[in-house]
Amino acid sequence: MTDEAELINRLKNGKQREQAFTELVRCHQERLYWQIRRMVVNHEDADDVLQNTLMKAWAALDTFRGESKLGTWLYQIALHETMNFLRKKKQMLSIDDEQAFMAQLSADPYFDGDETQQQLQQAIRMLPDKQRAVFNMKYFEEMKFEEISEVFGTSVGALKASYHFAVKKITAYFESLD
Amino acid sequence: MKGDNDMTDLLEKRLKEQVGKENPFRVPEGYFSTLPDRVCVRIARKQRERRMWRWAAAAVMAGCVATASLLLVRQSGNIQLAAEAGGYNADEVEMLLDYNMVSNLEIVDYITEAE
């Protein structure tokens, strides 16, 4: 039995569930966190979304049928939670204010980037939410399009096109600064 | 399609040269080592809340059943009184009450069944 299959068995077993879930969290927390953080930027928001993701995963353990890997399943929940969070946040405040965003990044104690990295964050922020998620997964996390396709449930062709547009827009943003 | 892929690769390469792909974000010290415990605490709290809600729902249900039983007991007492006042026996009054509560739909059902 593989490690993953063994972990799934323990997650389905009432007595071992809590310990197995802690192992699952330890195994995937960093990848999930960075996926979320790159989308929401701020640490406190990323922490909230990640904890909600894990709570939802816990509540949905009985519905996990093993059709995908545990990591992919968690990624899907995290993506869904992140998109919901961003939708609610957009309703509350305008995201068009570039200067306010830059100021927020400069004041963020958990952001160490220089001016170029601030500009990159701004360029990424201007992408539509799904395109931004695809860009982050491919550019920073170097995930294969096939893996991203499993998370999104979208065709590889559509993802390649989405990534192409994202890279093109970000390149154009930097050209406009020159 | 291949042309598009080549173009994407070219743009991506240029972007990496220009801005790199280092992670500029940090997390508070010890964040990842404490996260699983914090999640477990939240799960335990949620489970406690859920149990409390179940108890509360059960208590409300029990209250409803008790109130309904009390009303029924009172109503049968009233039926007894009405029967005595009108010279009917209690069974006849209950039959009349049942008849009053028959809906039009039930009457249609009864007629069509009889046919």
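Which residues in helix 7 of chain A meet which residues in helix 8 of chain A? The legends below take up this contact and two related views. The model is predicted, with local features requiring pLDDT of at least 70 and side-chain atom pairs pLDDT 80 or more, while totals for chains, interfaces and linings use all residues. Residues are numbered from 1 along each chain as its sequence is written, and side-chain values use heavy atoms, without hydrogens and water.

**View 1. Helix 7 and helix 8 (residues 145–152) of chain A.** A:Lys130, A:Ala133, A:Val134, A:Met137 and A:Lys138 in helix 7 meet A:Phe145, A:Ile148, A:Val151 and A:Phe152 in helix 8 (contact: heavy atoms within 4.5 Å). By class, seven of these residues are nonpolar, none polar and two charged. The axes (lines fitted to C-alpha atoms) come within 10 Å and cross at roughly 145 degrees.

**View 2. Helix 6 (residues 115–125) and helix 7 (residues 129–140) of chain A.** The two axes come within 10 Å and cross at roughly 135 degrees. A:Leu120, A:Ile124 and A:Arg125 in helix 6 meet A:Arg132, A:Phe135, A:Asn136 and A:Phe140 in helix 7. Four nonpolar, one polar and two charged residues make up this contact.

**View 3. A:Asn136 in helix 7 of chain A.** A:Asn136 counts as buried because its relative accessibility is 3% (buried: under 20% relative accessible area, 1.4 Å probe, protein chains only). Apart from neighbours within four places in sequence, A:Asn136 is in contact with A:Arg38, A:Met39, A:Ile124 and A:Glu141.

Technical notes
Chains are lettered from A and ligands numbered from 1 in the order in which they are written. Axes are lines fitted to C-alpha atoms, for helices over the stretch in contact, and angles run from 0 to 180 degrees between N-to-C directions. Helices (H or I, at least four residues) and strands (E, at least two) are DSSP runs, numbered from the N terminus. Ala, Val, Leu, Ile, Met, Phe, Trp, Tyr, Cys and Pro count as nonpolar, Asp, Glu, Lys and Arg as charged, and the others, Gly among them, as polar. Buried means under 20% relative accessible area, exposed over 50%, partly exposed in between (1.4 Å probe, protein chains only).
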